[in-house]
Amino acid sequence: MSVRLKLTLSYAGFLMIAGVLLLGAVWVFLLRYVPDRAMLNTDDDETLTNGVFPIRSVLLSVFAPRAAAVLVFLLCFGLLGGWILAGRMLAPLTRITDATRTATKGSLSHRIRLPGRKDEFRELADAFDAMLARLEAHVAEQQRFAANASHELRTPLAVSKALLDVARADPNRDAGEVIDRLHVVNTRAIDLTEALLLLSHADQRSFTREHVDLSLLAEEATETLLPLAEKRGVTVETSGDIAPTLGSHALLLQLTTNLVHNAIVHNLPEQGTVWVDTSARPDTVVLTVENTGEKLTPQQASTLTERFQRGTERVHTDHAGVGLGLAIVKTITHAHDGTLTLSPRPDGGIRITVELPAATSGTS
């Protein structure tokens, strides 16, 4: 049976039960006081009416058919009214079902937008609309990511093929030069593949959480990238307090390294500065990385976490990366239930803040 039929039968059944109880109450509290044999009233009191009182059997013979007719009417009324009421009550569910069927066919742009007061069906419809919006955004992002990844992977492969074709066409060409260029191109392709694998690993949250101190990760990342900073004439200043959190040591180290690397590479041509700071709040820990550089608008800053986005230009220089640095930072931050904030500095450069839940002493 359908839900509508079940509700209809339930409405009619409850209405029948209520009618039987009402008629039973009439019998118990009214007819039981009627005498079961005829009585003749001969009182001379003028306030009383002389004559014969009706007896219980007569009233019952008159009452029973009427009561049966009332019950039949209640049954018909309950079935008809229950069917109409059930249809009206389940109408929003029908719209939700239709939207679900539309979504299963691949159309995620459809929305229910259920009108009316905010009840259980309205909350369900709003939650379903929100889920469709997130799915649509996720699918669009994955499609955009797949297209960009295909383009980025095709570039080093095309360059490698071109180098090999040139070497084959010109046997007298210096093989060492071709090998060096192939090594650079192959290294870039490997870096891009490893970055894609890291993104997938962070998205799935398939990592073990442990106690991690962001201040130690900041020092480790700074020491690792210090030669690059000295080569580019950038000064790196590290400060802050102990910032304990729970998460993957490898992923959070990758997050910190990407932020410091990004701040060093996208800096002033000379005499640039990078500030790395950690702090602890009652419920969160904060990692902040700032740098000097070109002035950015808030709109430009908001796009830097998009995958394969390389600041204000998409040129491949040394240490330019594969365009996934801040995208990896964003994914790792969300995988650790944190928030990532990018804001341009008034004097140029950018301030990037990562806020993660703090690890309490009693957390295991």
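This is a predicted model: local features need pLDDT of at least 70, side-chain atom pairs count only at pLDDT 80 or more; totals for chains, interfaces and linings use all residues.
**Exercise 1. Find which residues form the nonpolar patch on the surface, and which helices supply them.**

Step 1. Helix H1 (3–29) and helix H2 (56–104) each supply at least two residues of the patch, and H2 gives the most, with 5 residues. Helices (H or I, at least four residues) and strands (E, at least two) are DSSP runs, numbered from the N terminus.

Residues are numbered from 1 along each chain as its sequence is written. Local features need pLDDT of at least 70 and side-chain atom pairs count only at pLDDT 80 or more, while totals for chains, interfaces and linings use all residues, and side-chain values use heavy atoms, with hydrogens and water left out.

**Exercise 2. Decide whether Thr273 is buried or exposed, and list its contacts.**

Step 1. Thr273 belongs to strand S6 (residues 272–280).

Step 2. Thr273 counts as buried because its relative accessibility is 15%, where buried means under 20% relative accessible area, exposed over 50%, and partly exposed in between (1.4 Å probe, protein chains only).

Step 3. Leaving aside neighbours within four places in sequence, Thr273 is in contact (heavy atoms within 4.5 Å) with Val234, Thr235, Glu237, Asn267, Glu290, Asn291 and Thr292.

**Exercise 3. Describe the largest nonpolar core.**

Step 1. A nonpolar core is a set of buried Ala, Val, Leu, Ile, Met, Phe, Trp, Tyr and Cys residues joined through side-chain atoms within 4.5 Å. The largest such core has 47 residues, of which Leu259, Ile264, Val274, Val276, Leu287 and Val354 touch the most other members.

Step 2. Helix H6 (residues 249–265) gives the most to this core, with 9 residues.

Step 3. Apart from this core lies another, of 9 residues, among them Ile96, Ala103, Ala125 and Leu132.

**Exercise 4. State the mean pLDDT of the protein chain.**

Step 1. The mean pLDDT (the predictor's confidence in each residue, from 0 to 100) is 80, and 84% of the residues reach 70 or more.
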